[in-house]
Amino acid sequence: MHSFSINTQTHTQFVDITGKIQSVLSVLKIDNGVIIVFIPHTTAGITINENADPDVVSDMADALERAVPWKAGYRHSEGNAAAHVKASLMGSSVQIIVEKGKLQLGTWQSIYFCEFDGPRTRDVWISAIE
């Protein structure tokens, strides 16, 4: 397993971590197989989506805010219930095929860390299945 930290700057933020994950493949010494990228946090998630138009991640953040507004009378006493719900909607892991040492993503795909309770320092864990 390999891990790295990411510092988010805003309350809600989608951070493209594709390049960082690609660089980890040589550390893990994986040429062909599958990697699992896991986010060990309950108010952050991960997703794969379009990288060509920055409006896509803005639209995703806006849609999640409309669906799960920050203030909506939640019972969770810490005041970040919306972040927990959004993290569950996005998910805590993705699997990506690796072939010849390269992530096998579609032409317009990137891997995004999804912050919903920032700014914070977060961890990303990566494990290989060969």
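Helices (H or I, at least four residues) and strands (E, at least two) are DSSP runs, numbered from the N terminus. The model is predicted, so local features need pLDDT of at least 70 and side-chain atom pairs pLDDT 80 or more, while totals for chains, interfaces and linings use all residues. Residues are numbered from 1 along each chain as its sequence is written, and side-chain values use heavy atoms, without hydrogens and water.

**Exercise 1.** Determine whether T18 is buried or exposed, and what T18 touches.

*Solution.* Locate the residue: T18 lies in helix α1 (residues 18-28). Next, apply the cut-offs: buried means under 20% relative accessible area, exposed over 50%, partly exposed in between (1.4 Å probe, protein chains only). T18 has 14% relative accessibility and therefore counts as buried. Finally, list the contacts (heavy atoms within 4.5 Å): leaving aside residues up to four places away in sequence, T18 touches L103, L105, S110 and I111.

**Exercise 2.** Explain why the buried residues of α2 line one face of the helix.

*Solution.* Begin with the buried residues of α2, which are V56, V57, M60, A61 and L64. Viewed down the axis of α2, these buried residues fall within an arc of 140° (taken from the directions from the helix axis to the C-beta atoms), so they line one face. Their cover includes β2 (13-16), β4 (44-50), α3 (81-90) and β7 (109-115).
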